[in-house]
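Visitor: I would like to learn how to read a few features of a model. Please take them one at a time, with the general idea before the case.

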Amino acid sequence: MPAIECILLTGFLGSGKTTLLNAFLRSPQARGTAVVVNEVGDIGIDQLVLAEVAENLLLLESGCLCCTLTGTLRETLLDLISKSRQNGYPLARIVIETTGLAEPLPILHSLIGDKALTDVVHLSQVVVTVDAVNGIDQIQRHPESARQIAAAELAIITKTDLAGAEQCMRVHDAIRQINPLAECVEAAAGAGVENLLLRGASSAQQHARAEALAGKSAAGLFPAQGQLAAFRTLAKQAGPASANADKDGAYLGKAQAYHQRIRTESFYVDDPVHWPGVAAWWHMLVHRYGKDLLRCKGLLRVADPSQPYAFIQGVGEFFHPPQYLSEWPDSDPRSRVICIGAGLERTWLQHSLRARSAGTASRPAG
């Protein structure tokens, strides 16, 4: 049975998650969706409830299901999937809404690194809502807001109907400075949210169908289809190579800083990498930055002829097993890695890249 798409929805207190979720749940495209919330009242769900399917599982008028977070996320998700199947409500996707003060990295770690979960759900995208009226103040005053933005693939600016054009531009700029890889869109009063939340999944599904028609293995190209958009984004958005390369052939893109010390560093690597070198480099990163290292993604050309193309992902201090591609996604043959964290040092990262040349070609453990 194919894994269920999972969307993580985060955003600071009052940033519009309630409005966005309600608009999505009322749309025809939402059918087959389950929403996991901290408390049902958080998204004003009472008026949408049709019946109780099972304990802690409600049927909504749109045909969606809703449950509250009980115990651990792992227990809640596995229980939700089991109950929905037992009661004849097959799920197409799950939307997980965090609290306004939540740190998204532990949730991401569970969704990416817990085999019991990765066998049944796959993370499609991380979506953050940012308030056009109060967003700048929240980013500057609350580290949680900046960290939520740093973890996201899609940033939705809400309440744009209440803000002026200059305010909206400032929020766009703040998001770009924290996380230049995130796609940034505006949505007033939840308008068009169904297309925003489902867009990544649609791209993955269309690509999988195209691969199948071409006689290729979609699973081989992309084991977790829902993150195909992230692969494509990583390939295209690392940015043009810097004019200045270090002697190891690695290029660092322009680093942006916003809210205290959060920075994004991106770089290219000309030559194929070796897994021992990647492991050594990751160890150096974690030893240097610890919990300040928020997220890291890499599209690697590996010196391993059996599986030469890989996508790596680190969440916090955890490095997750690579996913392998059957082909390289674009015409630029260089590997690329993006790190987001607090206090990242450009010069130190340049020197640390020498670790990538250590060792010989072999596959990573796990």
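Visitor: Which residue forms a salt bridge with Arg288?

Guide: Side chains of opposite charge can pair when their charged atoms come close. In this predicted model, Arg288 pairs with Glu345, and their closest N and O atoms are 2.9 Å apart. Arg288 is partly exposed, at 41% relative accessible area. Glu345 is also partly exposed, with 31% relative accessibility.

Visitor: How many salt bridges does the structure hold?

Guide: There are nine. One of them joins the side chains of Glu5 and Arg93, with 3.6 Å from N to O. Glu5 sits in strand β1 (residues 4-11) and Arg93 in strand β6 (residues 93-97), so to speak distant parts of the chain, 88 residues apart.

Visitor: Are Glu5 and Arg93 buried or exposed?

Guide: Both residues are buried. Another salt bridge is formed by Glu103 and Arg147, at 2.5 Å from N to O. Glu103 is in the loop between β6 and α3 (104-113), and Arg147 is in helix α6 (residues 143-150); the pair therefore ties together parts 44 residues apart in sequence. Glu103 counts as partly exposed at 29% relative accessibility, and Arg147 counts as partly exposed at 22%.

Visitor: How many disulfides does a search of the whole structure find?

Guide: The cut-off needed here is a pair of cysteine sulfur atoms within 2.5 Å. The search finds zero disulfides. Take Cys296: the closest cysteine sulfur, in Cys339, is 3.4 Å from its own sulfur, which is too far for a bond. Cys296 counts as buried, at 1% relative accessibility. For Cys168, the closest cysteine sulfur is in Cys184, 9.8 Å away, again too far for a bond. Cys168 is buried as well, with a relative accessible area of 7%.

Visitor: Why is strand β12 described as largely enclosed by the rest of the structure?

Guide: In a regular strand the side chains alternate between the two faces of the sheet. Burial along a strand can be counted residue by residue. Strand β12 covers residues 262-269, and seven of its eight residues are buried, so the rest of the structure largely encloses the strand.

Visitor: What is the phi of Lys159?

Guide: Most residues other than glycine have a negative phi. Lys159 is not a glycine, yet its phi is positive, about 60°. Lys159 lies in the loop between β8 (154-158) and α7 (165-178). With 26% relative accessibility, Lys159 counts as partly exposed.

Visitor: What can be said about the whole chain?

Guide: The chain has twelve helices and 16 strands. Of its 366 residues, 55% count as buried. The accessible surface comes to about 15400 Å², and carbon and sulfur atoms account for 52% of that surface.

Visitor: What share of the contacts with a separation of 6 or more comes from residues 24 or more positions apart?

Guide: Such residues account for 74% of those contacts in the chain.

Notes:
Residues numbered from 1 in each chain as written. Predicted model: local features only at pLDDT ≥ 70, side-chain atom pairs only at ≥ 80, totals over all residues. Heavy atoms only, no water. Helix = DSSP H or I, 4+ residues; strand = E, 2+ residues; numbered from the N terminus. Buried < 20%, exposed > 50% of the residue type's maximum accessible area, 1.4 Å probe, protein only. Contact = heavy atoms within 4.5 Å. Areas by Shrake-Rupley, 256 points an atom, 1.4 Å probe, with all protein chains shown as cover. Salt bridge = Lys/Arg side-chain N within 4 Å of Asp/Glu carboxyl O.
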